[in-house]
Amino acid sequence: MQYLDFEKPLAEIEGKAEELRALARANKEMDVEKEAAALDKKAADLLVDLYKDLTPWRKCQVARHPDRPHCQSYIEALFTDYTPLAGDRNFADDHAVMGGLARIDDRPVVVIGHEKGNDTQSRIERNFGMARPEGYRKAIRLMDLADRFRLPVVTLIDTPGAYPGKGAEERGQSEAIARSTEKCLKIGVPLVSVVIGEGGSGGAVAFATANRIAMLEHSIYSVISPEGCASILWKDAEKMREAAEALRLTAQDLEKLGVIDRIIPEPVGGAQRDAQATIASVGKTITSMLNELVDLSPEKLIKDRRDKFLGMGASGLAA
Amino acid sequence: MNWISNYVRPKINSLFSRRDVPENLWTKCDNCGTMLFHRELSENLNVCTNCGHHMGITPRERFHALFDGGIFTEVPVPAPLADPLHFRDQKRYPDRMKTAQKSTGETEAMLVAEGEIGRTPIVAAGQDFSFMGGSMGMYVGNAIVAAAERAVALKRPLILFSAAGGARMQEGILSLMQMPRTTVAVEMLKEAGLPYIVVLTHPTTGGVTASYAMLGDVHIAEPNALICFAGPRVIEQTIREKLPEGFQRAEYLLDHGMLDRVTNRKDMKNELVTILRMLLALPPEVKGDLPAPTPEPETVPEADASGAPEPAGDAKA
């Protein structure tokens with residue numbers, strides 16, 4: 001378990017409890033269970049306390065926690081018959097974007113998501129979840145496939161943003177994102193999205209222009225990273241706490257702004273402390289969002305999406 | 001050679017030095033340094049008469065030159081909710097807005113107008129880089145939706161001149177939501193079978209490029225315009241290598257297949273008219289002034305029995 005900087009006090013208590021137990025294992029006569037249990041209780045209380053009212057910046061840290069379940073974990077646990085489909089038929093297959101045919105509750109769907117990777121090797125292979133134009137073009141192709149065979153589309157959002165690289169720019173990063181957003185708006189099948197970690201700017205919008213959008217309790221969705229915003233508006237990247245505050249990037253603020261439809265609660269201490277429970281609640285939400293949409297006609301689904309995005313921002317935050 | 005030194009610094013410098021030059025009669029070319037007389041410069045549409053460098057131009061100035069006889073009618077844009085996030089960085093967002101409104105004399109970063117170009121009725125939308133970097137927030141979103149709706153109502157094509165640093169951070173997620181929102185506007189035009197032409201001007205970057213600016217039926221850029229998703233500075237920091245000369249400039253994008261054409265500002269109007277009239281299946285534009293209207297042939301009084309009609313003469317030419 002990797003601790004975040006604000007979890008230091010917790011790390012100490014949990015460390016002490018573990019030390020005591022280790023001592024007891026080495027020395028059979030010692031009875032430390034009572035003290036250790038007291039420490040456990042203290043740690044549990046502290047955890048509840050720490051996560052009760054996370055600041056926006058802490059939410060960013062939790063949303064980026066390396067031990068959080070990623071796209072692949074959700075696909076493996078929630079979907080059956082997952083058959084990855086690769087490539088954009090033009091240039092390459094982008095490993096930052098997973099996608100293919102799968103079943104959820106036996107219902108065939110197309111699933112698409114950003115995958116960040118879990119260790120150094122897979123992170124490099126996945127380009128830390130930052131897609132190149134090929135990733136968006138693969139998604140466009142899969143959405144077309146879904147549209148033709150009347151399969152709902154499920155997207156899982158977890159990206160720091162689209163990749164800012166030389167080749168990506170040369171091959172039309174902007175155009176690929178714009179076309180992907182356009183495709184989301186055009187398909188006559190249900191499209192549901194869940195922000196499972198980071199919803200990074202245009203790279204997220206390209207998959208999340210959906211009929212229904214849910215966010216995990218401690219996930220974020222923003223026009224720019226707090227660090228990027230701080231370096232532009234405060235001229236100091238270290239002001240990311242202030243920027244995170246000002247940007248209103250938490251699931252709670254986005255629900256108030258009418259940008260998202262639902263918040264999926266996370267276990268105490270964040271998704272990283274109980275991946276299984278988190279994945280299960282995300283699964284329930286996907287099913288319930290799909291159930292709301294499956295009976296609607298293609299025209300109605302397209303109109304629903306358009307009206308949703310045309311109406312965005314009509315109401316701000318109440319003071 | 002990045003836009004900070006090319007564009008922002010001269011811009012900032014000009015803000016401070018403007019007061020020293022009486023009535024701002026002279027402008028220094030950002031590129032070659034030639035001092036240009038203001039009247040000459042504006043007659044040349046803010047293009048340097050020495051080196052051909054395209055400097056910034058406000059939508060109002062552009063529209064005066066674009067529409068026939070400089071005549072256009074502004075299309076009203078619904079005002080969005082002001083400061084929806086109560087955003088505050090080192091300054092309050094409403095204060096930044098006031099400063100921008102004062103310095104530009106405009107309400108916001110986009111101007112929408114209807115009128116005729118080469119006697120072809122159009123709707124045009126122009127983004128104003130001098131207003132908070134042209135950034136796309138709720139207002140720009142409203143403007144594009146209003147422009148598209150107006151174009152559909154009048155069955156006219158839409159020409160959009162883009163110029164922006166990207167989304168407006170002070171409106172947070174709501175500015176990001178203008179990406180899908182403006183895409184819906186573009187869809188309306190496409191479904192109505194109306195041409196949507198994007199003219200990409202310096203600079204067009206970020207969320208603007210990644211939505212309505214890259215969804216045109218035809219993409220035309222002004223020479224040397226910076227057009228990108230991620231800016232060169234961000235990319236250099238990410239990949240830690242120098243970028244090639246001219247990277248992400250209009251000509252580079254043309255080479256990489258992202259644009260149809262790169263066209264000088266002074267030729268832009270003619271080119272737009274030519275393209276539009278073909279897309280709309282209209283006859284070619286009548287260049288120059290139309291011949292004086294033919295006077296109605298006088299009704300021949302019945303009393304006149306000569307029977308020989310007057311030759312129509314050159315009126316039929």
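Guide: Between chain B and chain A the count is two salt bridges, a salt bridge being a side-chain nitrogen of Lys or Arg within 4 Å of a carboxyl oxygen of Asp or Glu. In one of them, the side chain of Glu191(B) meets that of Arg306(A), at 2.6 Å from N to O. The model is a predicted one, in which local features need pLDDT of at least 70 and side-chain atom pairs count only at pLDDT 80 or more, while totals for chains, interfaces and linings use all residues. Residues are numbered from 1 along each chain as its sequence is written, chains are lettered from A and ligands numbered from 1 in the order in which they are written, and side-chain values use heavy atoms, with hydrogens and water left out.

Eight residue pairs, both at pLDDT 80 or more, are in polar contact between chain B and chain A. A polar contact is a pair of N or O atoms within 3.5 Å; within protein, one must be able to donate a hydrogen and the other to accept it, and residues adjacent in sequence count only if both atoms are side-chain atoms.

On the side of chain B that touches chain A, the elements giving two or more residues are helices H5 (138-154), H6 (172-176), H7 (178-191) and H8 (232-239) of chain B. Helices here are DSSP runs (H or I, at least four residues), numbered from the N terminus. H7(B) provides the largest share of that side, ten residues. By class, the side has 30 nonpolar, twelve polar and seven charged residues. Ala, Val, Leu, Ile, Met, Phe, Trp, Tyr, Cys and Pro count as nonpolar, Asp, Glu, Lys and Arg as charged, and the others, Gly among them, as polar.

As for its extent, the contact (heavy atoms within 4.5 Å) takes 49 residues from chain B and 48 residues from chain A. The two chains bury about 4200 Å² between them, 72% of it on carbon and sulfur atoms. Buried area is the accessible area (1.4 Å probe) that two parts lose on being put together, summed over both. In chain B, the residues that lose the most area to chain A are Met169(B), Ile173(B) and Phe229(B), together 16% of what that side buries.
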